[in-house]
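Work through these exercises with the model open. Try each task before you read its solution.

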Amino acid sequence: IRSTALAELHGPRGLRAALLLGDLADPAATDRLIEALHDPDAWVRHHAAFLLARIGEPRAVPGLIGALGDEVELVAVTAYTSLQEFADRGDERAKKALEGYKGRRPTERVAH
């Protein structure tokens, strides 16, 4: 499955491949998932934010910080919980973004 998804990552089915690779916590999906934070579909943005925390690549933090301002609350809250994961790992950018966040904060955390 992984090899097929990797082969599709930069093709027309790249988003689907990135979502699958994200489920597998494969860092190869990171850049495509960062792009997906701007997808027109809120469910795609939500899943991308969730999977970026699962993968744990620090280069995802700026995109997740941007997603805190998403107009869809589910996406913003998911970005918030993902940034919590990065903050727990010591990422100062994530910690600072969480401190300044003015939106709705989740009452519980979802395991990544």
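**Exercise 1.** Find the handedness of the crossing of helix 6 and helix 7, then work out how the two helices pack.

*Solution.* 
- Step 1. Helix 6 and helix 7 cross in a left-handed way. A crossing is left-handed if the near helix is turned anticlockwise from the far one by less than a right angle, and right-handed if clockwise.
- Step 2. Locate the pair: helix 6 is residues 73-88, and helix 7 is residues 92-100. Helices (H or I, at least four residues) and strands (E, at least two) are DSSP runs, numbered from the N terminus.
- Step 3. The packing angle is about 135 degrees, and the axes are 8 Å apart. Axes are lines fitted to C-alpha atoms, for helices over the stretch in contact; angles run from 0 to 180 degrees between N-to-C directions.
- Step 4. Helix 6 and helix 7 are therefore oblique to each other. Under 35 degrees counts as roughly parallel, over 145 as roughly antiparallel, 65 to 115 as roughly perpendicular, and the rest as oblique.

This is a predicted model: local features need pLDDT of at least 70, side-chain atom pairs count only at pLDDT 80 or more, and totals for chains, interfaces and linings use all residues. Residues are numbered from 1 along each chain as its sequence is written, and side-chain values use heavy atoms, with hydrogens and water left out.

**Exercise 2.** Which residues join helix 6 to helix 7?

*Solution.* 
- Step 1. Helix 6 brings Tyr80, Leu83, Gln84, Phe86 and Ala87. Helix 7 brings Ala94, Lys95 and Leu98. Contact means heavy atoms within 4.5 Å.
- Step 2. Sort this contact by class: six residues are nonpolar, one is polar and one is charged. Ala, Val, Leu, Ile, Met, Phe, Trp, Tyr, Cys and Pro count as nonpolar, Asp, Glu, Lys and Arg as charged, and the others, Gly among them, as polar.

**Exercise 3.** How many helices and strands does the protein have?

*Solution.* 
- Step 1. Count seven helices and zero strands.
- Step 2. Write the order along the sequence: α-α-α-α-α-α-α.
- Step 3. Of the 112 residues, 44% count as buried.

Terms used:
Buried < 20%, exposed > 50% of the residue type's maximum accessible area, 1.4 Å probe, protein only.
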